[in-house]
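Hello,

Here is the structure I promised to pass on to you. Please open it beside this message, and I will walk you through what turned up.

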Amino acid sequence: MKLQNKEVYILHTETMDYWLKYFPNLKDFVLHSDDFKFYDNLDYFSSYYQNFGIDFNINELTDFINQYILTESFFKNFAAEHRTVINIRRGDFYSSEKKSPSEFDQIQYVKRIFKNHPELLTLPVFVISDNISWCQKELYFLEKVSHLHFLPDNKPIDDFIAISTAKNLIVTNSTFSYWGGYISKVINKENLVIAPNFGATFYKDSIAIQLHSDWKIEDIIN
């Protein structure tokens, strides 16, 4: 792919194989260690080119999603599902005793959103997470919702499709969430995506750099 007039490739890791099975066209951007020699003229960088509006613009993002994501059969003819989806990322952000730079108060974040947007509760609410038992315990205040579903541990691809096709999507500061939000706005511009402005403490003022210009941003940084 071209970014900032550079040919950019991603060095293969085994964790990619799962997703390349579902999105085989992305293999065009993956470079294996056997594909090049040590003395080849390659530049290595630690940036992931995630800065929305700087590293890539909305048109480039839309074209990429249409060309490499929505062409897959499980996305074809998909209309937005009329539901509100909450995607909670726990995983390695919260698995250590040492506080992660990406950690924030997700419970208050969700409470705040439903206080400010009670209309989101008029649709069935689905909670999707890599730690659904934590959500069932800590998001107990959602129990008053008449159509509430804590989805069990599904295959990652099933979760990804579910968040990408939601009519209303509440995301956390996760790459998985962000891509679901990006795709959702391409499927239907009228879809609502809400994200926290917090990204991680190593960003300037802790503000996330991946935020889409058409998302509704919840200010949680005091």
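How many nonpolar, polar and charged residues does the lining of the second largest pocket have? The lining holds five nonpolar, five polar and four charged residues. Before going further, please keep in mind that this is a predicted model.

**The second largest pocket**

This pocket has a volume of about 230 Å³. Its lining is made of 14 residues, and Ser129, Asp130, Pro156, Asp159 and Phe176 are the ones nearest its centre. The elements that each give two or more residues to that lining are β5 (81–88), β6 (125–129), α6 (156–164) and α7.

**The protein as a whole**

Of its 222 residues, 45% are buried. Among contacts between residues at least 6 apart in sequence, 64% join residues at least 24 apart.

**Aromatic rings**

Searching the whole structure gives 21 aromatic pairs. One of them is formed by tyrosine 18 and tryptophan 19, with 5.1 Å from centre to centre and 85° between the planes, an edge-to-face arrangement. Tyrosine 18 is partly exposed, at a relative accessible area of 25%, and tryptophan 19 is also partly exposed, with a relative accessible area of 25%.

Another pair joins tryptophan 179 and tyrosine 182: their ring centres are 5.3 Å apart and their planes meet at 85°, so this pair is edge-to-face. Both residues belong to helix α7 (residues 175–187), where they are three residues apart, about one turn of the helix.

The charged end of arginine 83 sits over the ring of phenylalanine 126, 5.0 Å from the ring centre. Arginine 90 has its charged end over the ring of tyrosine 94, 3.8 Å from the centre of that ring.

Start with valine 171, in the loop between β8 (166–170) and α7. Valine 171 is buried, since its relative accessibility is 0%. Leaving aside residues up to four places away in sequence, valine 171 touches Asn87, Tyr109, Ser177, Val193, Ile194, Ala195 and Pro196. Proline 196 is 25 residues away from valine 171 in sequence, while their C-alpha atoms are 7.5 Å apart in space.

Next comes leucine 192, which is part of strand β9. Leucine 192 is partly exposed, at 23% relative accessibility. Not counting residues up to four places away in sequence, leucine 192 touches Leu120, Lys167, Asn168, Leu169 and Lys216. Leucine 192 and threonine 84 are separated by 108 residues in sequence and by 9.2 Å in space, C-alpha to C-alpha.

Glutamate 72 is in the loop between α2 (58–68) and β5. Which residues does glutamate 72 touch, not counting those up to four places away in sequence? They are Tyr22, Phe23, Pro24 and Asn25. Glutamate 72 is buried, because its relative accessible area of 13% falls under the 20% cut-off.

Most residues other than glycine have a negative phi. Aspartate 205 has a positive phi, near 55°, and serine 206 has a positive phi too, near 70°. Aspartate 205 lies in the loop between β9 (192–196) and β10 (216–218), and serine 206 is found in the loop between β9 and β10. Aspartate 205 is exposed, with a relative accessibility of 58%, whereas serine 206 is buried, at 16% relative accessibility.

Happy exploring, and do write back with any questions.

Best wishes

Definitions and conventions
Residues are numbered from 1 along each chain as its sequence is written. This is a predicted model: local features need pLDDT of at least 70, side-chain atom pairs count only at pLDDT 80 or more; totals for chains, interfaces and linings use all residues. Side-chain values use heavy atoms; hydrogens and water are left out. Rings of Phe, Tyr and Trp (its six-membered ring) pair if their centres lie within 6.5 Å; planes under 30 degrees apart count as stacked, over 60 as edge-to-face and the rest as tilted. Buried means under 20% relative accessible area, exposed over 50%, partly exposed in between (1.4 Å probe, protein chains only). Helices (H or I, at least four residues) and strands (E, at least two) are DSSP runs, numbered from the N terminus. A charge sits over a ring if NZ of Lys or CZ of Arg is within 6 Å of the ring centre and within 35 degrees of the ring normal. On a 1 Å grid over the protein atoms alone, a cavity is a set of points where a 1.4 Å probe fits but cannot get out, and a pocket is an open set with protein on both sides within 12 Å along at least five of seven lines; lining residues have an atom within 4 Å of a point. Grid points are joined across faces, edges and corners, and a volume is the space filled by probe spheres set on the points. Ala, Val, Leu, Ile, Met, Phe, Trp, Tyr, Cys and Pro count as nonpolar, Asp, Glu, Lys and Arg as charged, and the others, Gly among them, as polar. Contact means heavy atoms within 4.5 Å.
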